[in-house]
Structures are given as structure tokens and as C-alpha cells.
Amino acid sequence: MPPVFGRFSLSRRLWLVLLVAIVPLAALTFHDYRANRAKAVEDIELHARLLVQRVQVEEAAAQRQVRQLLASMAMANDMAGLDPGACNALAQRLSRSVDDISNLGAVTADGKVFCSLLPEARPVDVSDRVWFRDVRTAPGLTPGQFVIGKISGKPGITFGYPLRDDAGNFVAAVFAATNIRWFDRLTTSYQLPEGWTSVLFSADGEAISRFPEPEKWRTARLPEESRRALAAAIKANQRRVLMTGLDGVQQLFVLEPVNIANGALIVSVAAPINQVVAQIDQGLWLRFSLLVAATLISLLLARYLLHRFVENGIKRLSSAAQGVSAGRFDARLPTANLPPEFAHLNASFNAMVQELERRAAQERADQLALKHLNHDLEARMRELAQSESRYRRFFENSSSVMLIIDPQDGTIIDANQAAARFYGWSQQELLAMNISQINTLSPDELHHEMQRAHAAELNHFSFRHRRADGSIRHVESFCGPIDIGDRRLLYSIVHDVTERHKAEAELRKLSMAIEQSPESIVITSLDATIEYVNAAFVKATGYQRDEVIGQNPKILHSGQTPKEEHAALWAALSKGQTWKGEFINRRKDGSDYVEFAVISPVFDTDGQVTHYVAVKEDITEKKRLAVELDHYREHLEEVVMSRTEELEQAKTQAEAANRAKSAFLANMSHEIRTPMNAIIGVCHLMQHKPGRNDEDVEYLHKIDTSARHLLTIINDILDLSKIESGRLELEKVDFSVAAVLDQVRSIISESARSKQLAVEVACESAPLWVQGDVTRFRQALLNLASNAVKFTASGSIVIRARLVAQAAGTLTIRAEVQDTGIGLSKDAQANLFQSFVQADASTTRRFGGTGLGLAITRRLAALMGGEAGVESEPGVGSTFWFSLTVEEGRSTNTTASETPDTAQLIEKLQACAGRFRLLVVDDEDINREVAIELLKSAGLQADTAVDGIEALEKVKATDYALVLTWTCRCRASTASKPPARSAPSPGGRAHASSP
């Protein structure tokens with residue numbers, strides 16, 4: 001207890017305790033009063049806010065009424081000629097349909113009133129009005145302006161509506177002004193409690209309308225102090241203010257701007273806050289009165305109890321204590337007929353006296369207990385020695401280098417086995433050494449560092465330590481004070497960081513190489529903000545670092561670099577590629593110079609681009625020297641160019657001849673394929689005609705096989721010619737790589753099964769869906785798979801695809817076909833992938849073939865942005881592969897592997913037999929005959945037409961369900977343009993064509 005309270009009597013302390021208890025109660029009562037008062041004000045404000053928000057409904061209704069009125073007037077025929085008489089008559093008619101409008105009229109484009117509901121002898125000019133300036137450019141109704149009417153002389157809100165000619169030019173405007181009744185309706189629309197008022201103020205505090213008694217208070221002004229409070233609240237955008245109203249009574253005003261008056265009017269609801277506050281004040285005084293009465297009663301009661309029990313009890317306790325101190329242990333205090341606290345105190349005193357008697361008797365026994373205590377202490381010392389042994393084993397066996405050092409002279413007190421292994425000295429040798437023999441610091445520096453560690457100022461150090469072999473290692477040392485016995489020593493845990501130090505040095509070397517590079521180096525963020533430039537950049541451009549850091553490289557643009565260069569730059573960077581090119585830039589001093597720049601993206605460990613780095617060389621002088629050199633070489637180049645032109649002409653003639661040959665083959669595709677298709681079709685019909693004997697069936701099968709083989713060769717030759725003539729175009733569709741692999745396996749499965757070959761498909765990390773030419777991808781893969789079946793006598797064939805590269809939405813896929821066939825030597829591999837060439841002549845005679853498949857595969861791969869190759873070993877097998885570049889695709893409802901089942905198609909066609917009729921159009925008789933027979937075999941009825949003209953005539957006469965046409969040289973191709981009916985009709989007629 002503080003000394004000041006020790007001088008107080010018990011009575012005074014009691015009064016102080018009562019005072020401390022009563023003051024918080026008084027403070028709590030006052031706080032409750034303030035909270036109740038604030039709550040009452042908030043409730044009044046909330047009620048008033050709900051009432052005042054109804055002004056928004058009145059505003060919206062008034063604005064809709066005025067907009068409809070002025071729009072009707074502006075679009076009326078009476079306003080077409082801007083005739084004042086017609087306009088006045090129109091204003092009279094429209095005014096009878098609305099209320100609360102004081103004036104309705106129109107003004108010319110220069111602001112002269114030529115039409116008004118209220119007659120005016122003198123001309124009126126409203127060009128100075130804000131609403132007129134707004135209506136000249138407004139698309140419709142302008143915001144309202146609160147003004148004193150120049151014609152009516154009364155306050156109102158004026159709106160404008162523009163009239164424009166066909167070209168959109170402003171020619172006139174119609175206007176409408178509200179009267180005083182509208183303001184009264186605005187203030188009387190609330191259901192106010194008793195004693196509340198609603199007032200419509202102008203911005204300077206003049207009352208436009210007040211409820212109740214609007215006429216009595218119209219044009220009345222607030223007191224000067226209230227006007228200032230209102231203006232301050234409007235300026236601060238406050239929605240409430242406590243001020244004296246028009247009737248001299250202080251009220252809480254809740255404000256709301258009238259939006260259609262463009263903020264010139266303020267509507268308010270005022271509540272007499274003093275009435276509510278007075279009731280709360282009465283409650284406060286009542287509480288304080290009760291608190292004072294309770295306090296007085298408590299003081300009197302406490303004084304009586306203090307005298308009767310506390311003071312008398314203290315006297316008895318003091319007398320008994322003096323007797324005990326004199327050695328009379330028989331002194332006892334009464335415990336009956338006392339308050340519980342005093343009875344407990346006396347009982348405690350009696351117990352204390354008994355305890356003193358017991359301790360006197362026990363004192364002799366304590367001597368014996370002391371002997372037992374010494375015995376326990378010796379046991380504890382033995383346990384401490386064991387604990388020290390455990391910690392010693394931990395120190396010795398730790399894998400970290402640990403030293404115990406005397407900070408006064410640097411003597412090594414102890415070292416563990418890890419320290420001996422690291423430094424190369426034995427533990428005994430280390431204990432005979434000083435830390436200065438290991439640390440490369442000078443003795444003074446080392447002593448200073450040990451004192452810092454000893455004082456616990458720093459516990460982490462970086463040193464260079466010497467080992468027994470003379471090598472120097474960079475180490476991190478964690479040091480701190482440790483108490484061993486009565487000595488305060490240092491512990492040191494050492495970690496070898498030499499390799500990390502070397503890595504940091506290497507990083508610093510690379511950084512300095514960039515900084516001191518003779519070429520300008522710029523590093524930017526992804527949004528092209530410069531983050532670093534080296535000294536060469538500063539020297540080349542004249543800009544200081546702080547002038548360009550945070551800027552865009554555009555500050556160097558001279559405007560002379562072609563835009564295509566910048567477009568190519570960003571196109572390459574967006575794909576994650578390096579760009580090389582030239583810029584014509586401008587230095588800080590305004591001089592231009594030419595730079596050769598290599599700009600590359602910087603990737604993080606996740607493969608994401610984080611920055612761009614540009615290495616630039618000033619080649620202005622090189623350009624100048626090149627121009628001079630070109631001047632010297634000009635004569636020589638003229639001779640070279642002459643010879644080159646001759647060679648180019650010869651080359652062009654040869655290429656033209658080659659393209660002509662390829663174009664001839666491509667254009668002959670129809671003439672070549674048509675008879676082959678006819679042979680295959682007729683053979684198919686004869687095979688399925690009843691009554692054939694086995695020998696005829698075998699002959700027909702051989703004819704069909706040979707014809708199909710010949711058609712395959714023809715297709716390969718035509719494909720090759722299309723590629724060479726540049727007429728082969730790739731398509732882009734979404735397809736599944738895995739589905740194409742399954743298709744190829746399905747196609748070769750029959751021939752592989754006949755040779756007992758196992759066919760496997762593997763799609764290793766390849767994307768499921770890509771976008772590219774699925775037909776050419778399937779063709780190239782089928783060429784490799786067919787060759788694998790042909791040249792493999794036993795074993796297996798594996799068809800696989802895998803993703804080898806991915807960048808910016810572009811994928812590179814590698815497709816492989818691996819077999820266990822005859823294999824190829826290095827010399828044989830060199831002859832592959834050439835047109836009409838196989839490994840050797842014996843292969844052609846043994847296995848057959850034209851040698852076109854691999855050539856087509858390589859050229860298709862090149863067209864698809866890839867290449868083709870082979871890896872083979874004679875007698876082991878071969879792996880033929882090709883790569884292609886595609887884009888990321890997306891899944892469709894069907895996959896490329898969903899091929900229709902022929903039997904199901906035939907069943908569907910037979911189910912439609914007799915219900916539909918088809919039309920076959922072809923200029924070849926044999927094709928028409930084959931098509932008719934094939935359709936009849938499916939149960940379908942069909943008609944034929946020789947050309948497009950005949951087909952159109954038959955389509956007009958008969959409603960065909962399907963029109964089948966072959967690409968042919970029909971007479972319709974030289975006739976007039978066919979009518980739109982040749983397209984699919986809405987009635988369900990379909991059209992199909994076949995090459």
C-alpha cells in the first residue's frame with residue numbers, strides 16, 4: 001500500500017472506499033444519460049429521414065409529367081412553323097391537362113420568347129438562363145432551374161426541351177415553369193407528428209413553402225445564425241443541422257436537396273428535439289437524487305458497524321498479541337457472538353499461537369531433518385553429473401562443428417569430433433591451439449568480435465577459417481555466452497558456406513559483366529517498363545539511369561523505324577521467341593543513331609516469361625562504312641547481277657516446267673480416278689450378284705484388289721503433284737490425337753492380324769485435342785504404319801504420339817511408328833524420303849511399292865511445320881517418325897474415331913426404302929449405272945441426269961429427298977448461273993457432291 005494511505009485511519013479508509021465505489025456509479029449514470037440522449041436524437045433523425053425521402057417520389061412524378069408535357073408540345077404539328085399564334089393556342093390547350101404549371105411557352109434559338117401561356121407586352125429574353133444554355137445541347141429534357149419568372153414574377157422551377165430540324169440543328173425550345181402550389185404540395189405530402197414542420201428553403205435560407213400555414217411563412221427568412229449553419233451544412237454535404245427555425249424554436253432539421261431544381265432548393269423535416277431531451281434530463285436528475293440518498297444511508301450504516309465490530313475487535317487483538325510476544329502462549333480470543341469475519345480472524349490468531357507452540361517443540365526435530373537434507377543434496381549432485389555426461393555426449397557426437405572458446409585470450413577450451421574432421425587437426429591438437437590460428441582476422445579484430453559475442457550484442461558472424469592443409473574456407477559462426485562452472489565462455493557453432501560464397505561471387509561476376517558490357521543492355525518488365533540499364537546504355541543515349549528507370553523505351557523512338565518492325569518484335573516476344581532487328585533511335589541531345597538489337601524473353605523456373613532483355617549495338621558507323629563499301633562494289637555487283645538474272649531466268653523456266661507438269665497431273669485427277677472408280681464399282685456389283693461360281697468370285701476379288709492398289713498409287717502421285725505445284729491447302733479442325741491413332745490401328749489391323757503381328761497404340765503426354773489438318777495427319781501416319789506392316793515378318797508394331805514442345809498456345813507433336821522388321825543400314829537410310837526411291841532394288845522386288853509414301857509423309861510434315869526421319873538398326877527394327885506444329889484445340893461432341901458402321905447404315909437405308917426418291921447427276925454413263933445399281937441394292941429408288949441443266953429441270957418437277965452430284969465437266973458448268981433452287985431447300989431436300 002502506498003505510504004500516503006498508511007497514515008489514514010481505518011475510518012477514513014472506509015470513507016475512501018465508499019467514495020471510490022460511488023464515483024463510478026455516478027459516471028455510469030451520466031454515461032447512460034448521454035447514450036439515451038444520443039439514441040433519442042438518432043431515432044428522431046431516422047424518422048425525419050424516412051419522411052423526407054418521400055420528396056424523391058414527388059420529384060420523379062413531376063419530372064415525368066413535365067417531360068411528357070414538353071415532349072408532346074415539341075412534337076405537335078402546331079410547332080412546325082414556330083408560329084406564335086399556333087404555339088399560344090397549343091400552350092392553352094396543354095395547360096388545361098396539367099396542374100401546378102405557372103407558365104408554358106417557347107423561345108427561339110437566340111433566347112427570345114415568342115410564345116407564352118401568360119401574355120407579356122414587352123419582349124422577354126431568356127438567353128441568360130442556365131436552362132436555356134443547357135437545352136441548346138441537351139438530347140431531351142434539361143435539369144430544372146429554380147428562378148423568379150421574368151413573365152410571372154413568381155418563383156418556380158423551369159424546364160426546357162429542344163426542337164431540332166432534320167439535320168439535328170437547334171432551332172427553338174419549349175419551356176414549362178412550376179407554380180407555388182407545387183412547392184406547397186411538396187411540403188404537405190408528409191404525415192408529420194405533432195409539433196413537427198416541413199420547410200422548403202432556397203439555398204440562401206428563404207422559405208418557399210412551409211407546412212403547416214404555408215401562406216403565413218412564405219418568403220420568411222431564417223435568422224442570420226441559422227442561415228450560416230444551413231449554408232455550412234449544404235457546403236459540407238451534411239444531411240442534418242440543429243438550428244433555430246422560422247418560428248424561433250430550436251429544432252433538428254433533416255435536409256434533402258431537390259434534384260430537379262439542380263440543388264437550388266432544400267426540402268427539410270424539422271423535429272422539436274428539446275421536448276425529448278427535456279424528458280431525458282428529468283430522468284437524469286431523478287437517478288442522481290436516488291444515488292445521493294443511497295450514498296448517505298450507506299455512510300451512516302458503515303460508520304456504526306465500524307465502531308462496534310472493527311475498532312473494538314482490533315483493541316482485543318492488539319492486547320492478546322502483546323501477551324504472545326511476551327511468551328504467554330495461553331492467550332486466546334473469543335469466537336462466539338461475532339460477525340463471521342471477526343470470528344474467523346480470532347480463530348486464526350488462536351491457531352497461530354498454537355502453531356508457535358508446535359514450532360518450538362519441533363525445532364529440535366529440525367536438526368535431524370537437516371542431516372537427511374544433506375543426504376538428498378549429495379544424490380542430486382550425482383544426477384547433475386550424469387546430466388552433464390549426457391550433454392557431453394551430445395557435444396561430442398554432433399555433426400555440426402562446435403567449439404568452446406575463452407573470450408579473454410581466444411584459447412580453445414573444447415572441440416568436438418566434427419571440428420577435428422573439418423579442420424584436419426585432432427581434438428588434442430585443437431585444445432592446444434588458439435582461435436587466432438584458425439580465424440584469419442587480426443588479433444585486435446578477433447578480440448573485438450569475441451567481446452561482442454560475449455556481451456550478446458551479435459550472435460551471427462561470417463569468417464574465413466584456416467584448415468590444417470592450409471586451405472581457407474568461408475564459414476558462418478553462431479556464437480553466444482555459456483556458463484561452465486564459474487567461468488563464462490563462448491560457444492561457437494560453425495557451418496561451411498564456401499560453396500554458397502562461390503555461387504554469390506559468380507553471381508556478382510555476371511552482374512558486373514552485364515554492367516561493364518560494351519553493348520547497351522536494357523531489362524524491362526512485361527509491360528515494357530524499364531527496370532535496368534547498364535553504363536553502355538547511358539553512354540550511347542545520353543540519358544542518366546534515373547531518367548529512364550520506370551519509363552517506356554518509346555522515349556528513344558525517332559519515328560523513323562517502320563511500324564512493321566515493332567509489330568514483328570511484339571509478335572515474336574508474345575510467342576516466347578527471340579527477335580533480332582534494327583531501330584532508328586534518338587539520343588537525349590536529339591541526334592539519331594541506328595541500333596542492332598537482340599531482344600529475348602526471360603523465363604523463370606516455371607517456364608513463365610517475367611522480363612524482357614535487350615542487347616543493343618550502335619551500328620551507325622558500320623552502316624556508314626557499308627554504304628561506302630556498297631559504292632565500291634557497285635560496278636562488280638552490276639556484273640554479278642547480270643549473271644544472276646540469267647541464272648534466275650533459267651531457274652524460273654525449269655520451275656515453270658515442273659509446275660506445269662504437276663498442275664497437269666492435278667488437273668487430270670478426275671479423268672484418272674473416274675475409270676478406276678467405275679472398275680471398282682462394277683466389280684463390287686458383280687461380286688454381290690447371285691449365281692457366281694467360286695472361280696469367278698476369285699477372279700473378281702483379284703480385279704478389285706488390283707484396282708484398289710492402282711487407285712492408291714494414282715492418289716499418291718496426284719497428292720505429290722499437288723504438293724509440288726503448291727495447290728495442296730491445309731485445313732484447321734479440332735480433332736483428338738488419340739482417336740486418329742486408333743483409326744490407323746483399325747485400318748492396318750486386318751493385314752497385321754494376317755501376319756500375326758501385335759499392334760499397340762501409346763499416346764504419351766500428348767494433348768487429347770489439337771487443331772490442325774486431321775486428314776493429312778492421318779495420311780502421313782497411315783503411310784508409316786502400312787510400311788511397318790509390309791516390312792515386318794514377326795513381332796509387334798507400336799504407334800505412338802507425344803508432346804515435345806509447347807509455347808503460347810502452339811504445340812509440337814511427334815508421331816512415331818516402331819516395328820520389329822528387317823531394319824535399315826545407314827546407307828539405305830540416306831536414300832529414303834525421296835520420290836520413287838526405296839532402300840534398294842531388292843526391297844522393291846521382294847515387298848513391292850512405289851517409294852512415294854515416305855516422300856509424301858516428309859512433305860506433308862514440312863507443310864504442317866515439322867519434319868520426318870528414321871532411326872533403324874538392321875535385324876532389330878525401325879522407328880519412323882514425323883513432327884507437326886498444331887494449335888491447342890477443344891473437345892467437340894463427336895470424335896474422329898466415330899466411324900459409321902456399314903451394316904447399320906444399310907439397315908437405316910433399307911428402312912427408308914420406298915419412302916424417298918433420289919437424283920444422281922453425272923456426265924459418265926458407267927458412273928450413273930454403278931450408282932443406280934448400288935442404290936437399288938440398298939432398296940432405294942433413284943433417277944439420273946446427265947448434267948446440271950437436266951438436273952434442275954427434274955428437281956423442279958419432282959421433290960427429291962437427296963441430290964447426288966459428282967464433280968464433272970457437265971454442260972451446266974458452261975450454262976447460265978443455276979437458280980437458287982440448286983442449294984438445299986427449306987423443305988428438307990439435301991444436296992451432296994463427291995470428287
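The report covers the basis of the values, then the cavities, then a hairpin.

## Basis

This is a predicted model, in which local features need pLDDT of at least 70 and side-chain atom pairs count only at pLDDT 80 or more, while totals for chains, interfaces and linings use all residues. Residues are numbered from 1 along each chain as its sequence is written, and side-chain values use heavy atoms, with hydrogens and water left out.

## Cavities

A cavity is a set of points, on a 1 Å grid over the protein atoms alone, where a 1.4 Å probe fits but cannot get out; lining residues have an atom within 4 Å of a point. Volume is the space filled by probe spheres set on the points, which are joined across faces, edges and corners. The structure holds three cavities of 30 Å³ or more.

The largest cavity contains about 200 Å³ of space. Its lining has 20 residues, with Gly149, Lys150, Thr158, Phe175 and Ala177 nearest the centre. The second largest cavity contains about 140 Å³ and is lined by 16 residues, of which Ile405, Met450, Phe463, Cys479 and Ser492 lie nearest its centre. Helix 13 gives the largest share of that lining, four residues. Helices (H or I, at least four residues) and strands (E, at least two) are DSSP runs, numbered from the N terminus.

## Hairpin

Strand 18 and strand 19 (residues 592-603) pair in the antiparallel sense over eight bridges; pairing requires at least two DSSP bridges between two strands. Isoleucine 584 has valine 594 in strand 19 as its bridge partner. Five residues separate the two strands of this hairpin, and glycine 590 in the turn has a positive phi of about 95°.

Note on methods. On a 1 Å grid over the protein atoms alone, a cavity is a set of points where a 1.4 Å probe fits but cannot get out, and a pocket is an open set with protein on both sides within 12 Å along at least five of seven lines; lining residues have an atom within 4 Å of a point.
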